[in-house]
Amino acid sequence: MPLIVITGIPASGKTSRTAELKEFFENKKGTKVEVISERDAIVKAGYDKNTYYADSRKEKSVRSDIKSNAQRLLSPHDVLIIDGTNYIKGHRYEIYCMSKSYKTPQCTIHCDLPVEHAWLFNERLPETERYTREIFDALVMRYEPPDNKNRWDSPLFAVTPEDELKLEEIYCALYKVKAPKPNMSTQSPPLSSGNYLYELDKVTQDVVTAILSAKQLGIENDIKIPGCETTVERSGNTPQLTKLRRQFLTYSKMQQIEPNQIALLFVQYLNKSL
């Protein structure tokens with residue numbers, strides 16, 4: 001899915017802009033839209049947002065779930081919106097690398113609001129949804145604003161509450177551009193039918209590499225493998241994956257598999273074994 005990353009300090013209007021984008025793409029462009037909400041992910045994990053933002057371990061866990069869901073939903077056609085503070089530029093960079101590996105265009109929308117105005121908006125929220133002053137100030141201090149010079153934040157659309165979203169420009173940024181080229185190190189070359197053992201070794205190693213790369217990004221579950229319809233349900237460590245890959249190679253050498261089925265069957269084998 002073409003990807004939109006929403007970012008901004010607390011109470012800056014991010015969810016309202018997400019709803020506006022969803023309505024535009026669905027009603028004006030006839031495009032399916034999926035939304036990954038940081039707020040919903042926090043609630044699903046059993047936290048309130050003040051408790052959540054006060055504990056870096058809780059934040060890391062929820063961010064991992066968000067990245068895992070994003071990886072699962074990314075595709076070339078429909079729109080995916082990640083609605084949240086997304087205040088860490090390293091987190092935005094990891095999402096960018098993920099979208100790039102799946103050749104998916106991306107843009108960033110920065111809900112730009114002066115801190116004092118955001119605090120006033122926060123005070124108008126229902127008491128159960130407000131940030132405490134301590135957490136609000138901490139998030140403002142930690143916030144790393146997007147920069148159009150950074151490739152992972154570009155193209156960047158900054159919007160204040162008085163501005164209208166440049167909806168057509170956003171649409172063009174996602175659908176009227178060439179998909180980004182993935183890094184060569186993360187791409188598997190097309191399978192050759194000439195050397196079965198070579199293909200078997202190469203494809204299974206590519207699957208293991210994709211799993212370990214996702215694990216480095218904090219994605220532990222539902223790992224999407226390029227060119228494979230089935231996801232890896234949970235990641236393993238390097239020794240586990242090496243052992244299972246060796247076993248799969250042994251089994252597969254006895255009975256030749258169609259080259260275009262190697263990745264799928266290996267992923268299925270991992271899901272049963274891990």
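**Exercise 1. Which residue of β5 stands opposite C111, and how do the strands run?**

Start with the pair itself: C111 stands opposite V159 in β5. Keep in mind that this is a predicted model. Next, zoom out to the strands: β4 (residues 106–111) and β5 are joined by 4 bridges and run parallel. Finally, look at the faces of β5, residues 156–159: F157 and V159 make up the covered face, while L156 and A158 make up the uncovered one.

**Exercise 2. Work out why the buried residues of α7 are on the same side of the helix.**

First, list them: within α7 (residues 133–142), the buried ones are I135, F136, A138 and L139. They span an arc of only 165° around the axis, so they end up on the same side of α7.

**Exercise 3. Describe the second largest pocket: what is its volume, and which residues are closest to its centre?**

Volume comes first, at about 660 Å³. The lining has 30 residues, and A11, T15, R39, K49 and L125 are the closest to the centre. Then check the helices: α1 (14–28), α2 (38–44) and α3 each contribute at least two lining residues. To finish, sort the lining by class: 12 nonpolar, 9 polar and 9 charged residues.

Methods. Residues are numbered from 1 along each chain as its sequence is written. This is a predicted model: local features need pLDDT of at least 70, side-chain atom pairs count only at pLDDT 80 or more; totals for chains, interfaces and linings use all residues. Side-chain values use heavy atoms; hydrogens and water are left out. Buried means under 20% relative accessible area, exposed over 50%, partly exposed in between (1.4 Å probe, protein chains only). The arc is that of the directions from the helix axis to the C-beta atoms. Two strands pair if DSSP finds at least two bridges between them. On a 1 Å grid over the protein atoms alone, a cavity is a set of points where a 1.4 Å probe fits but cannot get out, and a pocket is an open set with protein on both sides within 12 Å along at least five of seven lines; lining residues have an atom within 4 Å of a point. Grid points are joined across faces, edges and corners, and a volume is the space filled by probe spheres set on the points. Ala, Val, Leu, Ile, Met, Phe, Trp, Tyr, Cys and Pro count as nonpolar, Asp, Glu, Lys and Arg as charged, and the others, Gly among them, as polar.
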